[in-house]
Amino acid sequence: MYALIAIAFRSYFLPLLVMTAIPFGFMGAVYGHLAFGVSMALFSFFGIGAAAGVVVNDNLVLVDYIERLRKEGVSAVQAVVDAAVARFRPILLTTVTTFVGLVPIMLERSTDAQFLKPAVIALAFGVLFALFVTLVLVPSLYVIGEDMRRGLMNLSNICLLYTSPSPRD
């Protein structure tokens with residue numbers, strides 16, 4: 001997954017940024033299992049995998065829009081704000097429709113539905129928990145990464161300035 005995103009973005013940093021929400025989706029799945037008193041099972045990991053796919057898609061939508069704005073010459077902070085505003089509705093709707101669509105299965109009491117519950121709980125709560133990471137943490141990390149990149153560029157320019165030969169030599 002990292003390699004495919006790295007090729008698409010032509011960056012080593014952006015795939016890491018996109019994938020930062022995956023562990024939070026896992027945490028959401030664990031908290032969902034704890035809230036419902038359901039133990040983790042094999043189907044839970046299928047739900048976690050599905051949640052990771054949704055979470056990565058949400059982050060790709062956000063980061064891709066940020067990168068498009070950056071190519072147009074918008075500053076990093078303004079691009080993050082504009083992208084968060086423009087992509088808030090699609091990201092929120094993806095999460096809400098996924099969660100609300102799975103609520104009937106989560107609340108089902110029949111024996112036939114019990115084997116699906118771990119996957120459904122993992123998917124629903126993984127996506128719900130990662131929503132806040134997508135809307136808050138990922139944009140923050142993008143701006144921090146941009147500040148670090150700018151600082152390293154300034155540092156390398158200073159090092160080049162002091163290591164270049166003087167005109168007297």
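In which sense, left-handed or right-handed, does α3 pass α4? The crossing of α3 with α4 is right-handed, a term used when the near helix is turned clockwise from the far one by less than a right angle, left-handed being the anticlockwise case.

## Basis of the description

This is a predicted model, in which local features need pLDDT of at least 70 and side-chain atom pairs count only at pLDDT 80 or more, while totals for chains, interfaces and linings use all residues. Residues are numbered from 1 along each chain as its sequence is written, and side-chain values use heavy atoms, with hydrogens and water left out.

## Helix α3 against α4

Helix α3 covers residues 22-36, and its axis comes within 9 Å of that of α4, the two crossing at roughly 140°. Helices here are DSSP runs (H or I, at least four residues) numbered from the N terminus, and axes are lines fitted to C-alpha atoms over the stretch in contact, with angles from 0 to 180 degrees between N-to-C directions. The angle makes α3 oblique to α4, since under 35 degrees counts as roughly parallel, over 145 as roughly antiparallel, 65 to 115 as roughly perpendicular and the rest as oblique.

On the α3 side, Ile22, Phe26, Ala29 and His33 meet Ser44, Phe45, Ile48, Ala52, Val55 and Val56 of α4, where contact means heavy atoms within 4.5 Å. These residues comprise 8 nonpolar, 2 polar and no charged; Ala, Val, Leu, Ile, Met, Phe, Trp, Tyr, Cys and Pro count as nonpolar, Asp, Glu, Lys and Arg as charged, and the others, Gly among them, as polar.

## Helix α4 against α5

The axes of α4 and α5 lie 8 Å apart at an angle of about 150°, which makes α4 roughly antiparallel to α5. This crossing is right-handed, and the contact has 13 nonpolar, 2 polar and 5 charged residues.

Leaving aside residues up to four places away in sequence, Tyr142 touches Leu14, Leu17, Ile66, Glu67, Arg70, Ala76 and Val80.

## Leu60

Leu60 lies in α4 and is partly exposed, with a relative accessible area of 26%; buried means under 20%, exposed over 50% and partly exposed in between (1.4 Å probe, protein chains only). Beyond four places in sequence, Leu60 touches Ile5, Phe9 and Val18.
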